[in-house]
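The entries follow the order in which I checked things.

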Amino acid sequence: MDKSKFSHWFFIGPHIILFVVFILIPSIYGVYASFTNWNLMTSPTWVGLDNYRTILTNQDSSFHHEFFNGMKNTLIFVGVSVPLMVAIPLVIASAIEHKKVKFKNFFQSIIYIPGLISISAAALIWSLIFNSQLGMMNNFFGADTVWTATQPYAWMTIFIMTVWGGIGGNMIIYRASISNVSQDLYESAEIDGAGPIRKFISVTLPSIRFPLIYTVVMTTAGSFNVFGQPLMMTNGGPRESTTVLMMYIRDLAFGSGQSIAGMASAMAVLLGMVILIISAAQYYVMNRNSA
Amino acid sequence: MNKKYNISKYLAYLFLITVCLIWVVPMIFGFTTSFRSQGEVVNEGFRLLPVNWIVDNYMAILENTSSAPILRWIGNSLFISITHTLLVVVVISITGYGYSRMRFKGRDVLFFTLLGISFFPNVVNIIPLYRIVDILGWVNTPWAMIVPGLAGMGNIFLVRQFMKGVPKELDESARVDGASDFTIFFRIVLPLIKPVLIVGGLFSFIGSWNDFLWPVIVYTDVQKMPVTAGLLLLQDIYGNYQMVGQLMGSAILAIIPTLLLFLFAQKYFVSAINLNAGIKG
């Protein structure tokens with residue numbers, strides 16, 4: 001018995017070390033760095049709330065402009081892409097789960113496969129599709145739109161690519177949840193004279209509310225970290241109208257020239273707080289309304 | 001009654017086939033364009049199939065081993081993803097065993113504390129993480145992408161949940177027979193939790209293969225980077241659509257490994273996603 005008193009450290013010890021070094025310390029240090037002047041290499045100097053004051057209130061500062069522009073663009077991305085990334089896979093999953101539809105797994109695979117393609121490979125293909133001279137879109141529709149350099153088209157290219165590559169996981173979750181809904185519920189709804197839309201709203205949606213809450217919260221939290229699609233499709237343009245906050249944070253901390261990691265950390269903490277607050281609010285509202 | 005189902009059936013098919021067409025056309029377009037010459041792309045405009053199929057683009061891609069060594073990038077990515085995946089399986093199995101089978105004081109409190117901390121948005125820790133990886137001398141080495149991800153809690157949570165479903169009687173009777181924790185872990189528990197380990201492994205592989213932000217930050221050496229970070233450089237290297245075929249060919253080569261994995265492990269993917277969301281498939 002004495003021997004096993006310590007042997008649990010053999011099982012959980014290695015991971016605890018990894019956790020402390022790669023999650024706990026960097027998280028604490030990230031918050032600490034936001035109150036400092038730091039260039040990533042030398043030791044940081046404490047400046048209190050200066051970074052936050054500059055970002056939030058100093059209208060002449062480029063950091064102020066970058067933060068609010070980046071936050072605005074990130075919120076636009078989240079606000080448009082999350083509803084699309086929930087509604088579209090939900091409709092597709094419902095169609096696949098239609099009683100008489102065959103080849104269910106085939107349809108599912110086709111929709112899921114783009115999710116396995118890395119953002120950079122997908123962006124190369126989509127950039128060509130939307131290329132104004134060589135691209136499929138303009139050739140096909142006989143247009144001459146400069147997609148990635150005019151709004152609202154620049155946003156549209158980002159959303160199209162995001163939906164294309166990002167709905168597979170949610171669709172599989174919805175499909176499995178819908179197929180688990182008891183047939184009795186549908187039958188009794190039919191006896192009450194409910195049509196397909198009515199059945200979807202009053203039977204399907206309430207029955208899959210937990211997977212719905214899960215996917216909404218996870219998709220939202222993930223969308224706040226958006227970085228690759230605007231970087232590769234539009235490079236933040238036109239006129240920084242698609243430059244998201246992660247792009248500014250990366251440029252400040254790791255861009256060419258002197259690293260401004262303290263300021264970048266303050267922006268990261270603010271973004272992190274927004275993510276936490278919105279996730280918690282979503283969970284609270286959705287859980288209460290469906291209870 | 002039946003008639004109504006038939007109309008909705010055709011609507012569902014129509015919808016699904018349309019969506020699937022929209023979904024595959026970009027992939028086919030990328031694939032076929034990689035077999036077209038630049039002249040054809042410019043002069044003939046959009047065609048789904050090339051007029052002349054050529055492999056020159058792929059020859060050129062493979063010859064460029066200095067500014068865009070695509071095979072080397074794919075090799076780097078394979079080494080990173082495979083090593084990371086194997087280590088993830090080791091870490092989550094022993095740690096999951098520790099948090100579900102070992103009896104020690106404060107076990108569950110410790111577990112849920114770590115889980116809670118891990119929900120902290122990772123955008124905050126990415127800058128200090130770079131500094132730590134730099135101090136360890138891992139910048140521009142595979143370890144920068146292999147090791148930090150091992151600290152995650154998500155897969156350990158899954159393994160712990162899964163182990164709760166494995167009957168305790170099995171290991172208790174072994175314990176009565178005098179088996180140690182190590183014997184119980186390797187002989188009894190490990191074979192039983194294989195499904196959840198496959199799930200954790202698959203996600204880790206795809207996750208590290210497709211990771212983008214982190215490799216863009218930690219790799220500056222063209223010869224050392226994984227393929228996702230490498231592709232970011234291509235738009236400049238292949239001259240802003242002066243070499244479209246080579247651009248598409250590189251993207252296609254980068255897609256092949258995960259696509260093959262999906263074709264061979266398809267059923268695990270579906271159960272993996274559902275297990276993650278807590279749904280019995």
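I began with A:Pro238, which sits in the loop between helix 12 (228-233) and helix 13 of chain A. The model is a predicted one, and I kept that in mind for every value noted below. The peptide bond leading from A:Gly237 into A:Pro238 is cis, with omega near -5 degrees.

I then stepped along to A:Arg239, which is placed in the loop between helix 12 and helix 13 of chain A. A:Arg239 is not a glycine, yet I read a positive phi of about 45 degrees for it.

With a relative accessibility of 35%, A:Glu240 counts as partly exposed.

**Into helix 13**

I next looked up A:Tyr248, which lies in helix 13 (residues 245-254) of chain A. What does A:Tyr248 touch, once residues up to four places away in sequence are set aside? I listed A:Glu66, A:Asn69, A:Gly70, A:Glu240 and A:Thr243, so the list includes the A:Glu240 of my previous entry because heavy atoms of the pair come within 4.5 Å. The relative accessible area of A:Tyr248 is 6%, and the residue is therefore buried, the limit being under 20%. I also checked the C-alpha separation between A:Tyr248 and A:Gly236, which are 12 residues apart along the chain, and found 9.8 Å.

A:Pro152 is found in the loop between helix 6 (136-141) and helix 7 (153-166) of chain A.

**Chain A as a whole**

I counted 14 helices and 2 strands in chain A, whose C-alpha atoms fill a box of roughly 75 × 70 × 35 Å along the principal axes. Of the 291 residues in chain A, 54% are buried. Taking contacts in chain A between residues at least 6 apart in sequence, I found that 65% join residues at least 24 apart.

**Core and interface**

Which residues touch the most other members of the largest nonpolar core? Among its 180 residues, these are A:Ile249, A:Leu271 and B:Ile127. For A:Ile249, leaving out residues up to four places away in sequence, I wrote down A:Ala264, A:Met267, A:Ala268, A:Leu271, B:Val123 and B:Ile127 as the residues touched.

Turning to the two chains together, I noted that 95 residues of chain B are in contact with 93 residues of chain A. Chain B and chain A bury about 8,300 Å² between them, with 80% of it on carbon and sulfur atoms. Helix 1 (residues 2-33) of chain B supplies the largest share of the side of chain B that touches chain A, namely 21 residues. By class, that side of chain B has 71 nonpolar, 19 polar and 5 charged residues. Between chain B and chain A I found 0 salt bridges, while 15 residue pairs are in polar contact, both partners being at pLDDT 80 or more.

Terms used
Residues numbered from 1 in each chain as written. Chains lettered and ligands numbered in written order. Predicted model: local features only at pLDDT ≥ 70, side-chain atom pairs only at ≥ 80, totals over all residues. Heavy atoms only, no water. Core = buried A, V, L, I, M, F, W, Y, C linked by side-chain atoms within 4.5 Å. Buried < 20%, exposed > 50% of the residue type's maximum accessible area, 1.4 Å probe, protein only. Buried area = accessible area lost by both parts, 1.4 Å probe. Salt bridge = Lys/Arg side-chain N within 4 Å of Asp/Glu carboxyl O. Polar contact = N/O pair within 3.5 Å; in protein donor to acceptor, adjacent residues only side chain to side chain. Helix = DSSP H or I, 4+ residues; strand = E, 2+ residues; numbered from the N terminus. Nonpolar A, V, L, I, M, F, W, Y, C, P; charged D, E, K, R; others polar.
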